[in-house]
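Visitor: I have a model open and I'd like to learn how to read its features. Could you walk me through it?

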Amino acid sequence: GRTTPSVAGLAAGFLHAYLEAAGGLSDEGLRRRIWWYEAVALERKALRCVARAPLSPLTRLLVSSGHACLDRLGGVR
């Protein structure tokens, strides 16, 4: 049977296609900037989530995903 792709698999496929189209498959700096912007977007979504629904479990998921992006950068939070 056909399996449903995971979110991580879809994200990796999208990132690969984006980097390929941008001519940056080997550009680690571009990959790092993408992760940074993704982290910022997720943290902003988390802030809006808290403002709209303070007890929503979605907030923790958004923050965790944002932190995972930052962790890929190898820095200290």
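Visitor: Let's start with the pockets. What volume does the largest pocket have?

Guide: Keep in mind that this is a predicted model. The largest pocket comes to about 320 Å³.

Visitor: Which residues line the largest pocket?

Guide: A lining is the set of residues with an atom within 4 Å of a pocket point. Here that gives Val7, Ala8, Ala11, Ala12, Phe14, Leu15, Tyr18, Ile34, Trp35, Glu38 and Arg72. H1 brings the largest share, 7 residues, and both H1 and H2 supply at least two.

Visitor: How does the lining split by class?

Guide: You'll find 9 nonpolar residues and 2 charged ones, with no polar residues.

Visitor: What should I look at around the helix ends?

Guide: After H1 comes glycine 23, with a positive phi near 70°. At the start of H2, look for aspartate 27: one of its side-chain oxygens reaches to within 3.0 Å of the backbone nitrogen of glycine 29.

Visitor: And which residues of H2 are buried?

Guide: Buried means under 20% relative accessible area. In H2 those are Leu30, Trp35, Ala39, Leu42, Ala46 and Cys49. Their cover includes helix H1 (7–21) and helix H3 (58–73). Notice Trp35, which is buried in H2 and also lines the largest pocket.

Note on methods. Residues numbered from 1 in each chain as written. Predicted model: local features only at pLDDT ≥ 70, side-chain atom pairs only at ≥ 80, totals over all residues. Heavy atoms only, no water. Buried < 20%, exposed > 50% of the residue type's maximum accessible area, 1.4 Å probe, protein only. Helix = DSSP H or I, 4+ residues; strand = E, 2+ residues; numbered from the N terminus. Contact = heavy atoms within 4.5 Å. Polar contact = N/O pair within 3.5 Å; in protein donor to acceptor, adjacent residues only side chain to side chain. 1 Å grid on protein atoms, 1.4 Å probe; cavity = no way out; pocket = protein on both sides within 12 Å on 5 of 7 lines; lining within 4 Å. Points joined across faces, edges and corners; volume = space filled by probe spheres on them. Nonpolar A, V, L, I, M, F, W, Y, C, P; charged D, E, K, R; others polar.
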